[in-house]
Amino acid sequence: MSKNLEKTYFFSLTLITSLVIFGSIFYWLFNFSPISQIISAFVALVFSFIFMKKLVCPGINKSQILVKTEHSTKNSNEIKKYKLRPSHLIFIISFCMSWLYLLLARTDRALASPWELISPWFFIFFFLTTLSALTISYRKLKFQLGIFSLLFFTASLVAVVIYSLGYGFDPFIHEAGIKAIKALGAISPKTLYYTGQYVLVIFINQISYIPIGAINQFLVPIFSALFLPFSLYFWQKNSLKTKNIFPLMA
């Protein structure tokens, strides 16, 4: 993984965490009016830059610059390794076919299980997706971390995709609460347990204009797909001193 991607990951994680923390503090002490949103977002952004600069990504010294210069030729020669291999092509095809069968099974019916409407072909293609991902990881080919994330993404979104209206009653309560906070600044009583989720959904809605219902529905699956594989990778890299993610993929 390149240093730039690593820094982007840590900055994104720090910023999201800071938005949740400072947004929750402002909500509990005052309310979550547009002014509170702007101030808490500004504080979170400043904190994230300072945190990244001082603790995660301190200044690069001369020796690091020299090492980067020495490896520049090597890195340029490794560009050819980014070509797609048969395992990559199998993964792409089977991944797309898995999603096709998931989308074809999407329904607004009440189901006891999402598997009731999913074609058996989904399991065949998802098996090929997983097998090709394991092959890519075992052979230490390129893009294995991104492929690891896509596997998480697919597994996490099965229920969300199948149940077009959502599943369970809680999401509708949360959606109503989030919309009330956005319109009124607060709800009473203030729910401490869900405050972090509420303020984060409102932040995302304000900057993206994606409907609150969609954000509330996809937030956890997408964030888990983005952050869990990378977090596991960094843990393994620093604790076990290896960049091979085959054990994690398996």
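This is a predicted model: local features need pLDDT of at least 70, side-chain atom pairs count only at pLDDT 80 or more; totals for chains, interfaces and linings use all residues.
Side chains of opposite charge can pair when their charged atoms come close. The model holds 2 salt bridges. In one of them, the side chain of Lys237 meets that of Glu6, with an N to O distance of 3.5 Å. Lys237 belongs to helix H11 (residues 212-239) and Glu6 to helix H1 (residues 3-29), so this pair ties together parts of the chain that are 231 residues apart in sequence. Both partners lie below the 20% limit for burial. Lys237 has a relative accessibility of 19% and therefore counts as buried, while Glu6 is buried with a relative accessible area of 14%.

The other salt bridge joins Lys179 to Glu175, where the closest N and O atoms are 3.0 Å apart. These two residues are 4 positions apart in helix H9 (residues 170-184), which means that about one helical turn separates them. Lys179 is partly exposed, its relative accessible area being 42%.

Helices H9 and H11 also contribute to a pocket. The second largest pocket has a volume of about 400 Å³. Its lining comprises 18 residues, of which Tyr167, Pro171, Gln197, Asn216 and Gln217 are the closest to the pocket centre. The elements that supply two or more lining residues are H9, helix H10 (195-208) and H11. The greatest contribution comes from H11, with 6 residues. Sorted by class, the lining of this pocket consists of 9 nonpolar, 7 polar and 2 charged residues.

In soluble globular proteins, nonpolar side chains tend to be buried together. In the present model, the largest nonpolar core contains 48 residues, and the members that touch the most others are Phe32, Leu102, Ile118, Ile162 and Met249. At least two residues of this core come from each of H1, helix H5 (86-104), helix H6 (120-138), helix H7 (144-156), helix H8 (158-162), H9, H10 and H11.

Methods:
Residues are numbered from 1 along each chain as its sequence is written. Side-chain values use heavy atoms; hydrogens and water are left out. A salt bridge is a side-chain nitrogen of Lys or Arg within 4 Å of a carboxyl oxygen of Asp or Glu. Buried means under 20% relative accessible area, exposed over 50%, partly exposed in between (1.4 Å probe, protein chains only). On a 1 Å grid over the protein atoms alone, a cavity is a set of points where a 1.4 Å probe fits but cannot get out, and a pocket is an open set with protein on both sides within 12 Å along at least five of seven lines; lining residues have an atom within 4 Å of a point. Grid points are joined across faces, edges and corners, and a volume is the space filled by probe spheres set on the points. Ala, Val, Leu, Ile, Met, Phe, Trp, Tyr, Cys and Pro count as nonpolar, Asp, Glu, Lys and Arg as charged, and the others, Gly among them, as polar. A nonpolar core is a set of buried Ala, Val, Leu, Ile, Met, Phe, Trp, Tyr and Cys residues joined through side-chain atoms within 4.5 Å.
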